[in-house]
Amino acid sequence: CRQHKIMITLPSYYLPPISWFAALKSGEPTAIEVCENFQKQTLRNRCRIDSPNGSLMLSIPIDKSNFSELGKCLIRDVRISHQLDWRHQHWFAFETSYYNSPFFEYLQDDFRPIYERDWKYLVDLNEALIMKCLELLEIDIRPTRTTDYQGLSVSDKELRNPSVGTKSYYQVYRHKHPFLPNLSVFDLLMNMGPEAPLYLMP
């Protein structure tokens, strides 16, 4: 009989770190956990990039009007707040930080349309960015969404402290500060371009 394949379940992250993509296994079914409660101060609505002044955290503001009295809300129901022009701020940060990187000019049009769209739900934005990154990384996996709570097969702690993120590659500000491991995969793409998939290989 055919061996049952274990589902890989990963969190819904905003422009996930390199370790998120390294956790994907070729041929294994993959799902994004959207039935967990939203966890604040995590990469579910934040990403970390390189900048002229070092590591920079970008955060998407959250609309908490539909959170429970205990401050809980399933991540699939989390809405983005538009009181601040976060899309402009984030894109300005990308331009400022990566304008001189080898592949920003080549790849910016892959990401710009996503930031020109008015997103309502955080998971929809996260999914659009994840799918675009999978395409650019030439990873032939299209994750589904969980329909009930499955839990994570790779924990937040594992994704924060991965061995894969410590392998060095060219970073545009290498002359200003030491190598920054496990940034958003956006950093890998802008600096390595078509060689980025090779970095993720074991």
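Is W91 buried or exposed? W91 is buried, because its relative accessible area is 9%. Here, buried means under 20% relative accessible area, exposed means over 50%, and partly exposed is in between (1.4 Å probe, protein chains only).

A quick word on where this comes from: the model is predicted, so local features need pLDDT of at least 70 and side-chain atom pairs count only at pLDDT 80 or more, while totals for chains, interfaces and linings use all residues. Residues are numbered from 1 along each chain as its sequence is written, and side-chain values use heavy atoms, with hydrogens and water left out.

Now for the rings. The structure holds 12 aromatic pairs. Rings of Phe, Tyr and Trp (its six-membered ring) pair if their centres lie within 6.5 Å; planes under 30 degrees apart count as stacked, over 60 as edge-to-face and the rest as tilted. Two of the pairs share Y115:

| Pair | Type | Centre to centre | Between the planes |
|---|---|---|---|
| W86 and Y115 | edge-to-face | 6.2 Å | 65° |
| W91 and Y115 | tilted | 5.7 Å | 40° |

Both link distant parts of the chain: W86 in helix α2 (residues 86-98) is 29 residues from Y115 in helix α3 (residues 104-116), and W91, also in helix α2, is 24 residues from Y115. Helices (H or I, at least four residues) are DSSP runs, numbered from the N terminus, as are strands (E, at least two).

Y115 counts as buried because its relative accessible area is 5%, and W86 is buried too. These rings belong to one aromatic cluster, formed by W86, W91, F94, Y98, F104, F111, Y115 and F186.
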